[in-house]
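Look over the model below first.

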Amino acid sequence: MSSSHPDSVLIKGGRVIDPSQKIDGQFDLLIENGKIAAIDKPGAIPDARAARVITATDSNGPQWVLPGLIDIHVHLREPGLEYKETIETGTRAAVAGGFSSVACMANTHPVNDTPYVTAFIRERAKATALCRVFPVGAVTKGLKGEELAEIGGMVAEGAKALSDDGMPVMNSYVMRKAMDYSKAFGVPIISHAEDWNLVGQGVMNEGPLSNSLGLRGNPAAAEEIMVAREIALCRLTKAPVHIAHISTEVALEHIRRARDAGLPVTAEASPHHLTLTEECVRSYDTNFKMAPPLRSEKDVEALHKAVAEGLVSIIATDHAPHGLVDKALEYDQAANGIIGLQTAVPLTLKLVHDGILSVSRWVEALTTGPAKLLNLPHGSLAVGRDADITILSPKRLWTLDSSMILSKSHNSPFLGWKLTGQVDKTFVGGKAVYEQSSAN
C-alpha cells in the first residue's frame with residue numbers, strides 16, 4: 001500500500017535550479033499538500049511517497065526544474081477591454097509560458113485606481129485565473145497624471161505596486177507625492193519612463209533609420225530624461241522606484257550610478273528589447289511597434305550586459321494584447337505593444353545558449369528578482385514554500401505557430417520563428433495547471 005498523500009507529486013531526474021538556495025544539480029523534489037515537502041539526492045525519496053511520479057527528462061537529457069516564473073509586467077485587459085484579453089485567457093497563456101505568478105497593470109477600463117477595481121481583479125482572478133494574479137494599482141486617477149489615486153485602499157485590497165504604465169507621470173510634484181505614499185505603504189513605484197512631450201508623435205527610435213523610413217522619431221533622450229528624474233526623486237524620498245522596460249544605453253548608466261550611490265532603484269528588460277532592434281521596423285509590421293520603441297544594436301548589447309551583471313535585475317514581458325482593430329493600421333496609427341508570455345522563455349534562454357547570461361542569472365531574473373521587488377513569498381523551492389514549479393526542456397526545438405497562442409490576441413512578431421527551449425509543465429500551489437504534451 002502507498003503511504004502517499006492523494007495530491008502528492010514526486011519530480012525526479014531533473015536538474016533543479018534554485019538561486020534562492022544556491023541549488024543547481026540533479027535532485028528529486030516532493031510536493032505534498034501544495035507545498036515543497038522535500039528536496040533530496042536522486043533516488044532518496046521513495047516513489048511510494050507520491051501519488052504521481054514525473055520523470056523530468058526528455059530526449060535531450062534532464063529537464064530543468066525551476067521555481068515558478070514570475071512576470072511583474074502584464075496587461076490582462078480585464079475589466080473593460082475583454083476583446084483583447086481576459087484574466088482567464090491571459091493566465092492560460094502565462095502558465096503555458098512557465099509563469100506561476102503575474103502582476104497586472106492598471107490601464108483597464110475602468111482604470112484600477114480605486115480599491116473597488118482592485119478587489120474586482122482579485123476576485124475575478126480567484127474565480128478564473130490559472131495562476132496567481134497580483135494587481136498593480138494606478139499612481140494617478142484615470143492615469144491622467146494629475147491627482148493621486150486611492151493608494152492606501154488599493155494596497156489594502158492587494159495591490160503590490162503602483163504604476164501608470166503606458167502613461168508617464170509627467171508632473172514631478174505628483175510623482176514625488178506618489179513616492180512618499182508608496183514608501184509609507186511599503187510598495188514600489190513602477191515608472192513608464194518616457195518624457196511624453198519629447199516623444200511627441202514619435203513611433204520608432206529616432207535616428208538615420210527613422211528618417212529613411214519616413215517615420216517620426218522617438219529619441220533615446222525621452223527615456224534618459226525620465227529615468228534621471230525618477231532617480232532624483234528617489235534620492236529625495238528614498239522610496240523604491242522600478243524602471244519598466246528600460247531600453248537605452250545611457251539610461252542604464254543612470255541606473256548604474258544610482259545603484260552605486262545605494263539608492264533603491266531597480267529596472268527590468270523585456271524579451272523584445274533584448275532580442276529585436278530598430279532594423280525590424282523596415283518591414284513596417286506594426287507588431288514591431290512598442291513603447292519604448294525598439295532601439296539600436298548598441299543599446300541591445302548594453303542591455304545584454306546589464307542583465308548579465310545584475311544591474312537590470314528582472315526580465316518582464318510587458319505582455320500587451322491588442323485586437324486586429326488596434327494593430328491592422330498604418331504604422332503611426334497602430335497601438336503599441338505585443339504579446340509575450342509564451343515566448344519569454346525561449347527568447348531569453350537564447351542569451352544563455354549564446355553564453356551572454358549564466359543559467360543562475362537567467363533564473364534569478366525570472367524568479368527571485370521579481371519576487372523581491374513585489375515582496376512576494378514565491379520564487380523559491382525551499383521546503384515549506386508553495387509548490388510553484390516550472391519544468392522546461394532547455395534544448396527542445398519548436399516553431400511558434402498561430403494555433404499555439406493561448407492569448408485572446410495574436411499580436412506577436414515571433415510567429416514562424418524557430419525557437420529553442422520549451423515549457424513542459426507548470427505547477428501552482430502543487431497543482432499541475434499546464435502540461436505541454438496534452439496542450440498541443
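**Packing, sheet and backbone**

Q: Which handedness, left or right, does the crossing of α4 and α7 have?
A: This is a predicted model: local features need pLDDT of at least 70, side-chain atom pairs count only at pLDDT 80 or more, and totals for chains, interfaces and linings use all residues. Residues are numbered from 1 along each chain as its sequence is written, and side-chain values use heavy atoms, with hydrogens and water left out. A crossing is left-handed if the near helix is turned anticlockwise from the far one by less than a right angle, and right-handed if clockwise. For α4 and α7 the crossing is right-handed.

Q: How are α4 and α7 oriented to each other?
A: Helices (H or I, at least four residues) and strands (E, at least two) are DSSP runs, numbered from the N terminus. α4 spans 172-185 and α7 spans 220-237; their axes are 10 Å apart, at an angle of about 50°. Axes are lines fitted to C-alpha atoms, for helices over the stretch in contact, and angles run from 0 to 180 degrees between N-to-C directions. Under 35 degrees counts as roughly parallel, over 145 as roughly antiparallel, 65 to 115 as roughly perpendicular and the rest as oblique, so α4 and α7 are oblique.

Q: How are α7 and α8 oriented to each other?
A: Their axes come within 8 Å. They cross at roughly 15°. α7 and α8 are therefore roughly parallel.

Q: What classes of residue make the contact of α7 with α8?
A: The crossing is right-handed. α7 supplies E223, E224, V227, A228 and I231, and α8 supplies V250, A251, H254, I255 and A258. By class, that is seven nonpolar, one polar and two charged.

Q: Which strands stand at the edges of the six-strand open sheet?
A: The order is β3-β2-β9-β20-β21-β22, with mixed pairing. Two strands pair if DSSP finds at least two bridges between them. An edge strand here has a single partner, so one side is left without a neighbour in the sheet. The edges are β3 (23-26) and β22 (431-435).

Q: Which residue of β21 stands opposite S393?
A: β20 and β21 run antiparallel. Eight bridges join them. Opposite S393 stands Q422.

Q: Where is I405, and which residues does it touch?
A: I405 sits in the loop between β20 (389-399) and β21 (418-428). Its relative accessibility is 10%, so it counts as buried (under 20% relative accessible area; exposed is over 50%, partly exposed in between; 1.4 Å probe, protein chains only). Its C-alpha atom is 7.2 Å from that of A93, 312 residues away along the chain. Leaving out residues up to four places away in sequence, I405 touches I339, Q342, L400, H410 and L415.

Q: Which residues of α1 are buried?
A: Eight of its ten residues are buried, so α1 is largely enclosed by the rest of the structure. The cover includes β11 (99-104), α2 (115-128), β12 (132-137), β21 and β22. The buried residues are I87, T89, G90, T91, A93, A94, V95 and A96.

Q: Is K22 buried or exposed?
A: K22 lies in the loop between β2 (15-18) and β3. Its phi is positive, about 55°, although it is not a glycine. At 78% relative accessibility, K22 counts as exposed.

Q: Is H245 buried or exposed?
A: H245 is in the loop between β17 (241-243) and α8 (249-260). Its phi is positive too, about 25°. With a relative accessible area of 2%, H245 is buried.

Q: What is omega for the cis peptide bond that joins A291 and P292?
A: Most peptide bonds are trans. P292 is in the loop between α9 (271-275) and α10 (297-309). Its cis bond to A291 has an omega of about -5°.

Note on methods
Contact = heavy atoms within 4.5 Å. Nonpolar A, V, L, I, M, F, W, Y, C, P; charged D, E, K, R; others polar.
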